[in-house]
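Trainee: Could you walk me through this structure, one question at a time?

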Amino acid sequence: MFLQAIPLGGGGFVGSNLAYHLSDTGDYSVRVVDVHDDKLRLKMANNPIDFVDLDIRSDRDALDDLVRQADVVVNLAAHVHPSAFLIRPLEVVETNLFASLETVASCIRNRKFLLHFSTSEVYGKTGGSEEPFREDETDCILGPIGNHRWIYSCAKQMLDRIIHAHGLAGELDYAIVRPFNFVGPLMDGLVPRWTREDNPRVLANFMSALIYDRPLELVNGGRSRRCFTFIDDGVDALELIIRNRDRVNRQIFNIGNPGNETTIADLARLMVRLYRAHCDPKASGEIRTVSGDSFYGPGYEDCDRRLPDISKIQGLGWAPRHDLEETFRRCVIYFHRNRAHLESMLKDATSPSRALPPSGDSDERTMRPTAASGRHGSPNS
Ligand code: NAD
Ligand code: UGA
């Protein structure tokens, strides 16, 4: 098997980890499409990763050319930070729904398999249920229109429904994945000076607080619960789905680690303990509570709990391997060891979704910046 995979939005956290992994297997030629390539220039993959600098909103013909040449199209391009949902809701819809509709249409036209990234967030709130979220049974419960927290969930849900309808019509072969809080190397970036606009996801916020000696901030007391999934486990599941694309055709899969459930308050305490144990025994590790409105802006509401049922993906032979302690031990050491490099990469950064070092045995390695790892070319090169 030798396939050409094109991750759209593959320059981000999940996409770059996936690109390195697919490329390292030797079974895929990988052509990443994104507007950023910094995460792809950090590590020599065994095989070169091709990079195409393209805003998927801007050039339908270029996108169509790329899709035509691919065997597998992976749609990751999205705005993903909850802060963006409140500050730039229309941009979220533009990329996460409207631009992605073009990708879907191109896959239909060119008869290409689409691996589409939905999110655990489509399930919304639990409504008090203790049941795990099941792909084909669980209701999606969102808050009122004025609470723009839900615009991301709603856009992703709409796309899931459209993709499903195209599958029913026999026009599209696809798998939809719903990641549950993947974390790990290459996620977001350090934030030396936090602002509401420069506000990444919880891992990068807590790491920045520890490194720059600020209090870790618990939104609304940190009572919400998440099941954090180490990126290497997530990437293994994604590759399994690509390899089994005939078997998984037209199905939705949760990818998460139900054994790693924690409240955010307990996560903060765990990260302080790990940081003191592995990085700086004298770290103050102050933790304080802030309101959702002050942290994100008016219209913030939270998903109270996201517990995945993973029996469908387990049926393919997958199980997560990294428990909560090991997952965050790797994350904490990785950010700490690579602080200087991360800061050097921040100099030109314009968003919190900046480069971190590549995946791997994070606690054992330090960062080795390299020359460009991939070829940079046009869609037709
Ligand atoms: P990320 O922000 O690191 O990556 C998204 C990438 O999309 C970025 O590199 C960005 O530059 C790119 N992008 C955005 N708009 C684009 C455009 N118009 N043209 C080209 N590229 C564009 O986020 P991530 O965590 O890697 O998430 C990847 C996908 O997985 C997203 O679709 C997200 O919704 C989904 N997802 C991620 C998680 C998670 O735990 N990380 C959980 C659920 C769902
Ligand atoms: C994220 C984003 O919606 C998407 O990137 C992704 O699709 C989704 O996870 C998912 O995994 O499906 P969320 O889990 O809310 O959503 O993202 P974080 O920003 O990492 O927040 C997690 C929790 O920590 C929330 O309860 C948030 O309020 C809290 N938090 C965040 C803090 O208490 N302090 C912080 O500094 C940051």
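**A strand and its neighbours**

Mentor: Phe117 stands opposite Val177 in β6, where strands are DSSP runs (E, at least two residues) and helices are DSSP runs (H or I, at least four residues), numbered from the N terminus. This is a predicted model, in which local features need pLDDT of at least 70, side-chain atom pairs count only at pLDDT 80 or more, and totals for chains, interfaces and linings use all residues. Residues are numbered from 1 along each chain as its sequence is written, while chains are lettered from A and ligands numbered from 1 in the order in which they are written.

Trainee: In β5, which residue is the bridge partner of Val74?

Mentor: Strand β4 (residues 72-75) pairs with β5 in the parallel sense over four bridges, and two strands pair if DSSP finds at least two bridges between them. In β5, the partner of Val74 is Leu115.

Trainee: How many residues of strand β5 (residues 113-117) are buried?

Mentor: A residue is buried if 20 or more other C-beta atoms, placed from the backbone, lie within 10 Å of its own, exposed if 12 or fewer do, and partly exposed in between. Phe113, Leu115 and Phe117 are buried on one side of β5, and Leu114 and His116 on the other. The count of buried residues in β5 is therefore five of five.

Trainee: Which element gives the most to the shell around ligand 2?

Mentor: Both α6 (202-211) and β8 (216-219) supply at least two residues of that shell. With three residues, the element that gives the most is β8.
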